[in-house]
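Let's take a walk through this structure, from the overall layout down to a single residue. Have the viewer open and follow along.

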Amino acid sequence: MRQAEKVIIVEGRSDKQKVAAVLNEPVVILCTNGTISDARLEELADELEGHDVYVLADADEAGEKLRRQFRRMFPEAEHIYIDRAYREVAAAPPWHLAQVLLRAHFDVRIDSFMRGRGE
């Protein structure tokens, strides 16, 4: 794993692309591709040791299941939430993602706050 201090766990590749486009700092973004096995979670535990771990999952049942898995295996992970109105991270507008990431102390691209662009 690269030497970025922060790691964001997302569900899918489209989530990863959307989040990466908003960030203005080096962050490792890992995709679970939906749910994740306990064996893979244990592997991740070793890989993520010493990193600040954030979980940014969809606002649906699959996202909540993923959050429960991470709460059990990574109780120190911080959970970032999108507004339920968007349901999916990939469907959230860039300005909204920028807001929630900024609140979690990420450096975000200022142009992400331009409403109407890239939505």
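First, some ground rules. This is a predicted model, so local features need pLDDT of at least 70 and side-chain atom pairs count only at pLDDT 80 or more, while totals for chains, interfaces and linings use all residues. Residues are numbered from 1 along each chain as its sequence is written, and side-chain values use heavy atoms, with hydrogens and water left out.

Start with the layout. The protein chain has four helices and four strands, where helices (H or I, at least four residues) and strands (E, at least two) are DSSP runs numbered from the N terminus. Going along the sequence, you read β-α-β-α-β-α-β-α. The C-alpha atoms fill a box of roughly 40 × 30 × 20 Å along the principal axes. A compact globule of 119 residues would have a radius of gyration near 14 Å, and the chain agrees because its own value is 14 Å; that radius is taken over C-alpha atoms, and the globule rule is 2.2 Å times the number of residues to the power 0.38.

How much of the chain is buried? Of the 119 residues, 46% count as buried, meaning under 20% relative accessible area, with exposed over 50% and partly exposed in between (1.4 Å probe, protein chains only). Contacts are heavy atoms within 4.5 Å. Among contacts with a separation of 6 or more, 59% are between residues 24 or more positions apart.

Now zoom in on helix α1, residues 13-22, where Asp15, Lys18, Val19 and Val22 are buried. These residues are on the same side of α1, because they cover an arc of only 95° around the axis; the arc is that of the directions from the helix axis to the C-beta atoms. Arg13 and Gln17, on the other side of α1, are exposed. The buried residues of α1 pack against β1 (6-10), β2 (28-31), β3 and α4 (94-103).

Is Val55 buried or exposed? Val55 is buried, because its relative accessible area is 0%. Leaving aside residues up to four places away in sequence, Val55 touches Ile9, Arg67, Phe70, Ala77, Glu78, His79 and Ile80. The C-alpha atoms of Val55 and Val7 are 8.5 Å apart, although 48 residues separate the two along the chain.
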